[in-house]
Each structure stands twice: as structure tokens, then as C-alpha cells.
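Reader: I have a sequence and a model open, and I would like to learn how to read them. Can we go through some features one at a time?

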Amino acid sequence: MAAQRNFSVEPLGQGQSIPSSVPLVLPNNLEYDLGTHTVRRKPGVERSSLAAVVEAMSLLAGIDDPVAVVAVTGPCRTGKSYMLSRMLGSSDAFQLGHSFEPETFGIWMSTKVLKCDGLTVVLLDTEGIDAVQAEAQNDASLLVLTILSCSLLVFNTTSVPKQGQLEKLQCFAELAEAVRIWKSGELDHEEFSRHFPDLLWLLRDSTLTPTDADGNPIDARSYLTKRILKESGRFRPTPSDMVSRAITSFFPALDCRTLPPPSSDTDVMRNIETSQDKLDPEFNQGVEDLVKDILSTVKPKQGFGQGKTVTGRQLAALVQHYVATLNDPRSLPTLQTAWDAALMTLVEDTVRELQERYVREMRQGIQQAGGMPLEEDPSSSAASMMSLHQTVFEGLLDTLKGRLHSFCEAAEMTQAVVELTASVNGTQDDSRGILCSLLSENRSSSESFCNQLVQNLYQPISDKLASPPENYDIKALEADLAQLKATYDEQARGPCKHKVYLQFAEFLEGQKTAFSTIKGYQEEDYKLQEETRRREAEVANLQEERLQVERQVALSMKEQQDQVEMLMAEFGREVQNLKEEEKERRDAIMRDLQVKMEETAQRNVAMLEELSRRQEGVVQQQMEAMQQQQRQQMEGMMQMAKAIQERNDRLARELQEQAQKAKSPGFLENVMGSVVDVVKQGASLILMSKFPLAGAAAAVGASAAQAVTGRTATTGTAPKAPSIK
């Protein structure tokens, strides 16, 4: 028995006012009102398809952990909703009803989940597959959708089913024609068990002990496999045979459990959601044991491919694709196609979501750093655009990796990283990435800020030049300009500070008229100084631009290197995981094969024993018939031998009488001897021809003839007559 896991019950959609369960998929003639949390019928619309409910899909897509999906299906009014509610430690997590009308239409999802060790268990309640309003096509579509969405399917029925009742479950047999595994559409029924969920057949209100064909008690699983799902063995499979074959072939694991009736009290059953303490203790204990067993063994839903698990976000994409396919009469749900489509949708949605997150987090980081403009150099001691970009982008890559890890192969992961990188950083041919837009905005902000700064710093100098103080000379002007440069260098921000100062230096060069009013002004000397300042500004600006380009290239190379290293490490882990999973799969296959071989051997032994018993009976009957025939033959032979003896005696007497009357007794004696020989030979031939086993009768005839010969010999000795032919 698997170790017990400690699950906690947690709500979905934190902070939202939502009911205990919401519809995940509804028939097209129904619609869900988010405001009132009710389902209402669409007037004049007939049920013909299914529709995914956006609100529920949003809740499901919010689960980034691997999910294990437990779904309950089966005939309506059999307690499916109540059983799921008890799994959450409640009695009314799903709507219960007490009329003949079904309460559940489509597929409903609990808004509370069970969580343990990074695994989230999602519970789904489905419409009864034989509801009055349902049709065969609806049953098949819902069953297909439920099977493709869950990792454990609980098939809920009342009491112990009979083999003939399987004919009502033709929707299982129709799975072979309703689902495909590969895009090519090959007949791949043998692949179903690798992608279908485990099946637990729950027999409700069961009061009888399951027995084998000889009336011996057996466990519920053996009863299911050996009695209910046993095929008839006819040359042409019956409808029940087809259902049995589908159930035993398509589901990788098959189990069966029983539960006694909850209560015999009608009032208690009518209010079962509030009467748990009044239910049969044996029923309550059975439910608790069943829930523990399910939660201790439930597995994450597997994706298409070895080692791929499905998260809530991925499951939402798969369900939407399956619904669209089931609604198209020209299409069949194909697992590979659905996986590829869901993967594409997931990558696109993830990249788009991460783009929005990148902008949001960059804005927040810029605001926390004091707003634009910021420096671009990541080596700057202050917050910079590129250091902020590195931090945010690394977080995006981690999220992308975590979200797609269980869904993508290494090549698909690389493509997703490339798409995200291109959308953020831009490409060599197209620089219109999000980062480029933010950098452009930052540079514009830097240019505006620095222009305003230099204007504010120059304004006092400009005022002095317009009306020079009495002792204001060229040296004082030079000192003011030097102070302006120092203050500007200290306060200027962003990548355009050198460019703006260069423009300011060119501006100063044109201020000849204003400078000429200053004492000690020498035009040539000032021109030389201004040229020096201008060239220094140009050099600083060019150096800043070169550094920006180098930083961009280095950053891009580092990001690419980090991505390659990440993908290589991921690929190595994938390979190792695949090796381990392949080994586990082989071991599991060997264990399953061993179990099947043992079961087959047991069946063969039972068949041989049965055949031996049958052959022994046939042989016994044949022996008795042969013995009876032999007795009849012996009786016939004895009667014939007696008749022959009596006839010989009579003939002997007649010959003796004739011999006494004849004149030539010697001649008559010879004739009589010859007649006796003929009689002996004739009797033996007759007996041997009619009764091959009548040697004893021939001996009796011979002894009788010998007796006659002996009696005639007492009358006299005569020469033996010639034999008569």
C-alpha cells in the first residue's frame, strides 16, 4: 500500500467570491451566469455541442503546479457528486439533488483543490451518462472529454452489475472509434493504455459478497475482471464483449471497490449532506478508506511523451482544444494534435504574458530607482536600465523554464526562449524590442533632463554676461563655466549627458559677442579653450556610445550563453530523467507482464483442469458403454452356444436312432462322425463371424461335438470316413 500523503484543502481564485463548484464545460443550450453563479437554459436552443466556460478555465489555468485530476462518471442519480464532496472533507462541495432529474450537466470543477508536495488534485463531476435528456452522442462526447482530461476515472454504479448490463455502456466500446493517438490517424488502440487514466469501478449500495463461478468469496477486483468483464468466448463478439474488451484493454490500471448503502432511513438519505453523523458507520468508514487510498495513489496527469506532466494551465489549453474537436463532426480528438496545439497556445500565451510582466516589472523598478532617466551601464553603482533588465529578464527565463519544463522538449524550449528574447531584446534585423523602446524612452528623458539642467546652470552666467558686474572678467567667467561643468557632471543623468554637454559647448562657441564685453577677453585664446572643451565633450560622447554598444553586445552574448547553458543543463536532466523513466517503465512493463503471465497461467491451469474433468467423464462414459456392450455380447454368445449344444445333442440322438435301425451300422457311424465334424466347423464359423470375441462359444461348441463323438464311439470302432467339403 502506498504511503499516506498529507493533503491540504485550498481554494482557487484567492480573493474572489466564487461558489464551491463551477461548470468547466456545459452543453451549448446552457449558459453560466458569473454574477449569480447559476446555470440557465438558452431559450430555443437545442443541445448539439459543448462549450468551455471561460471563468472556470481561468481558475484552472491559474494552477502552475502539476495536476492530478480525479473525475467521477457513471449513470445519473448514483451519488457521484456526494463522493467527490467527501474527498474535500465536505458533503456539499458539489450540488446534490433528491429528485429523479439529474443535477449535473456537462462537467463541473470544484473551486477547492487538494495540495501536497507540489501536486494539486483537481476534482471533476460529470453528467450522468444515461440521463433522460442525454443522447448517445452526448454520452460519448462527455465520456471522451472526461477520459482525456483526468488521471483517475471513477466509474460509479449502484449495486453489483451483471454481465448483461454491460450492453448499456456502449460508450466505452465507442472509444475505439472516437479517439486517436497519432496525427496519422492509425488504428492505435494498443496505445490507449499509455495515455488513458486509471479506472476505479465503484460499486455503491452493495450488500452481497462477490463470489467466483463456484460460489467462493473473492475480492471486488477479481469479481470485476473474472465475472463481469469476462468475455463470452463466442466467435462473434457480443455488445457486452466489446465493452469488456474496451475496458480491460484501454485503461492501464483497473480496480474495483464496494460501498454499503449509506442508510435505510429515507429522511436521512434526503438530507444526506447534513446527516453524515447519522449514516451507517460501515459506509462512513468505507468512504474514508476509499478517499485515503485514492489520495495515496493518485498520479499527476501525464502529457504526450515520456516524463511529461500536465499543469492546470496546460490542462485548460488541452480541454479547450478537445471541446473544439468534439464539436466538429469531421474531426476526431487526436492526442498528439491536441498536445501540439496546446503547446503552441501555451508558448504564445506564456510569451505574451511574460512580455507584459517584463514591461510591468521594468516600470516598477524604474519607479523605485527614482524614475527616468537612469544610467544604462550595468556596472554603475546606481540603478541602471541594463542591470534592471538583467534582473527582470532572468526572472522571466526562470518562469518560462518552470512553466514549460514538463510540457516541452529541449528544442521546443529553445524556440520559446528565442521568441521571448527576440520580443524583449529585438533581433539583429529588427531592433524594435521592448527593451529598445524603454531605452529610447530613457534616452529621450535623459536628453530633456540634461538640457533643462544645463539651461538652469547657465542662466546665472547668462545674466552676468547681459549686465557684467564691475569686476567680472574673463577669469571669473572661466571659473563660472568650470563650476557649471562640475555641477553638471554631478547632477546629469542618463546616457545623453555627454551629448547634451557637447551641444552646450557648441553653443558657448557662438557666444563671441557676449564674451567680448568681459574684461581680458582674447578671442583666439577663448576659441582654443572652447575647442578643447568641445573635443573633450565629443570624445566623452563617443566613448559613452562605444561603451553602450560594448555593453549591449556583452549583455546579449551573456544572455545567449546563459540560455545555452541553461538549455544544455536542462537537456542533460531531461536525458537522465528519460533514462530513469524508461527504466521504470520497463520495470513496470515487466511487472505487468509477470502478473499477466501468472494470470494467464492460472487461467490455463483452470482450463486444463476443467478439460481434464470433462475428458475423464467422457472416458468413463465410453468405458461403461464398452463394458455394457461386452456383457451383451457375452450373453448372446452363451445363449447361441447353448442353442448349438442343444441342437448337436438332438442331432446326435437322431443319428444314433437312425444307426440302430440301419443295416450297415459301421457306415452310418462313419457318416455320423463326418456330420459331427461339419457341425463343429459350422458352429465355430458362425460364432466367429457374428461375434469376434466369441472364442469361448466356439470352444463350447467343440466340446459339445466331442461329447457326441465320444458317445458314438461306445457303440463300436469303425474306420474314419473321408472328410466332406
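Reader: Is Met590 buried or exposed?

Author: Keep in mind that this model is predicted. Exposed means over 50% relative accessible area and buried means under 20%, with partly exposed in between. Met590 has a relative accessible area of 53%, so it counts as exposed. The residue is found in helix H19, which covers residues 523–661.

Reader: Which residues form a nonpolar patch with Met590 on the surface?

Author: Leu593 and Met597 do. Together, Met590, Leu593 and Met597 have about 310 Å² of accessible area.

Reader: What does the protein look like as a whole, in numbers?

Author: The protein has 725 residues, and 41% of them are buried. Its accessible surface comes to about 39400 Å², and 52% of that belongs to carbon and sulfur atoms. There are 21 helices and 12 strands. Among contacts with a separation of 6 or more, 73% are between residues 24 or more positions apart.

Reader: How do I read backbone angles?

Author: Start with the general rule. Most residues other than glycine have a negative phi, and most peptide bonds are trans. Then look for exceptions. His37 has a positive phi, near 55°, and is not glycine. Asp117 is another residue of this kind, with a phi of about 50°.

Reader: Where do His37 and Asp117 lie?

Author: Each lies in a loop between two strands. For His37 the strands are E3 (30–33) and E4 (38–41). For Asp117 they are E8 (112–116) and E9 (119–126). Asp117 is exposed, because its relative accessibility is 75%. His37 has a relative accessible area of 27%, so it is partly exposed.

Reader: Which peptide bond is cis?

Author: The bond that joins Met372 and Pro373 is cis, with omega at about 5°. Pro373 is found in the loop between helix H12 (335–368) and helix H13 (385–404).

Reader: How do E3 and E4 run, and how many bridges join them?

Author: E3 and E4 run antiparallel, joined by 4 bridges. They form a hairpin with 4 residues between them, and His37 is in the turn.

Reader: What about Ser244?

Author: Ser244 lies in helix H8, residues 239–250. Its relative accessible area is 0%, so Ser244 is buried. Not counting residues up to four places away in sequence, Ser244 touches Leu166, Ile228, Leu229 and Glu231. The C-alpha atoms of Ser244 and Leu169 are 9.5 Å apart, although the two residues are 75 apart in sequence.

Reader: How do I read a salt bridge?

Author: Side chains of opposite charge can pair when their charged atoms come close. This structure holds 18 salt bridges. One of them joins Arg47 and Glu127, whose closest N and O atoms are 2.9 Å apart. Arg47 lies in the loop between E4 and strand E5 (50–52), and Glu127 in the loop between E9 and helix H3 (136–149), so the pair ties together parts 80 residues apart in sequence. Both Arg47 and Glu127 are buried.

Reader: Where do Arg357 and Glu361 lie?

Author: Both are in helix H12, 4 residues apart, which is about one turn of the helix. Arg357 counts as buried at 18% relative accessibility, whereas Glu361 is partly exposed at 26%.

Reader: Why does the pair of Glu441 and Arg363 tie together parts that are 78 residues apart in sequence?

Author: Their side chains meet in a salt bridge, 2.9 Å from N to O. Glu441 lies in helix H15 (residues 434–466) and Arg363 in helix H12, so the pair links parts that are 78 residues apart in sequence. Glu441 is partly exposed, with a relative accessible area of 34%. Arg363 is also partly exposed, at 38%. Elsewhere, salt bridges that share partners join Glu31, Asp33 and Arg40 into one network.

Terms used. Residues are numbered from 1 along each chain as its sequence is written. This is a predicted model: local features need pLDDT of at least 70, side-chain atom pairs count only at pLDDT 80 or more; totals for chains, interfaces and linings use all residues. Side-chain values use heavy atoms; hydrogens and water are left out. Patches are made of residues with over 30% relative accessible area and no salt bridge: like charges are joined within 9 Å, nonpolar side chains (Val, Leu, Ile, Met, Phe, Trp, Tyr) within 5 Å. Accessible areas come from the Shrake-Rupley method with a 1.4 Å probe; for residues, only the protein chains shown count as cover. A salt bridge is a side-chain nitrogen of Lys or Arg within 4 Å of a carboxyl oxygen of Asp or Glu. Buried means under 20% relative accessible area, exposed over 50%, partly exposed in between (1.4 Å probe, protein chains only). Contact means heavy atoms within 4.5 Å. Two strands pair if DSSP finds at least two bridges between them.
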